[in-house]
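This briefing covers one chain, shown below with its sequence. The points after it are grouped by topic.

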Amino acid sequence: METLNRLPFAAKSAVFKRLAEITDIASLSKQERMMYDESLRKFRDTIVVMEGARLSGVEQGRAEGRAEEQRRIARGLLGVGTPVCTIAKVTGLSEDEISGL
């Protein structure tokens, strides 16, 4: 208890809040506890799925950025008269894509 007295108010509040949660969970019936656990699993699964979706969106954004950078480089190389076949080798774009720029 002496350690608890040394904690700032916010930390004490968090400790007591966590203790209250544990006590609430411990007082659940077996069926209520099973429902609680299932609900918690669904909540955690949802968070994981959302995080995965966020990360895949980041990856998609990066891929789109790389593709745009390749097109920008291709336009610059076209502007200085570089042959289309050379630009295709350098950027990885198809010759049709480059011709469309």
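Just after helix α4, Gly-92 takes a positive phi of about 85 degrees. The model is a predicted one.

- Helix α4 spans residues 84-91, and its buried residues include Ile-87, Ala-88 and Thr-91.
- These residues cover an arc of only 105 degrees around the axis, which puts them on the same side of α4.
- An α-helix has 3.6 residues a turn, so residues three or four places apart point the same way.
- Lys-89 and Val-90 are exposed, and they sit on the face of α4 turned away from its buried side.
- The packing partners of the buried residues of α4 are α3 (30-79) and α5 (95-99).

**Ala-88**

- Ala-88 lies in helix α4.
- Ala-88 counts as buried because its relative accessible area is 13%, under the 20% cut-off.
- Neighbours within four places in sequence left aside, Ala-88 is in contact with Leu-93, Glu-95 and Ile-98.
- Ala-88 and Ala-74 are 14 residues apart along the chain, and their C-alpha atoms are separated by 8.0 Å.

**The largest nonpolar core**

- The largest nonpolar core has five residues in all: Ala-74, Ile-87, Ala-88, Leu-93 and Ile-98.
- Not counting residues up to four places away in sequence, Ala-74 touches Ile-87, Thr-91, Leu-93, Ile-98 and Leu-101.

**The chain as a whole**

- The secondary structure comes to five helices and zero strands, with the pattern α-α-α-α-α along the sequence.
- Of the 101 residues of the chain, 9% count as buried.
- Contacts between residues at least 6 apart in sequence include 12% that join residues at least 24 apart.
- The chain exposes about 8200 Å², and carbon and sulfur atoms supply 59% of that area.

**A nonpolar surface patch**

- Phe-16, Leu-19 and Ile-22 make a nonpolar surface patch of about 280 Å².
- Phe-16 is found in helix α2, which covers residues 9-26.
- With a relative accessible area of 44%, Phe-16 is partly exposed; this is because the value falls between the cut-offs of 20% for buried and 50% for exposed.

Note on methods:
Residues are numbered from 1 along each chain as its sequence is written. This is a predicted model: local features need pLDDT of at least 70, side-chain atom pairs count only at pLDDT 80 or more; totals for chains, interfaces and linings use all residues. Side-chain values use heavy atoms; hydrogens and water are left out. Patches are made of residues with over 30% relative accessible area and no salt bridge: like charges are joined within 9 Å, nonpolar side chains (Val, Leu, Ile, Met, Phe, Trp, Tyr) within 5 Å. Accessible areas come from the Shrake-Rupley method with a 1.4 Å probe; for residues, only the protein chains shown count as cover. A salt bridge is a side-chain nitrogen of Lys or Arg within 4 Å of a carboxyl oxygen of Asp or Glu. Helices (H or I, at least four residues) and strands (E, at least two) are DSSP runs, numbered from the N terminus. Buried means under 20% relative accessible area, exposed over 50%, partly exposed in between (1.4 Å probe, protein chains only). The arc is that of the directions from the helix axis to the C-beta atoms. Contact means heavy atoms within 4.5 Å. A nonpolar core is a set of buried Ala, Val, Leu, Ile, Met, Phe, Trp, Tyr and Cys residues joined through side-chain atoms within 4.5 Å.
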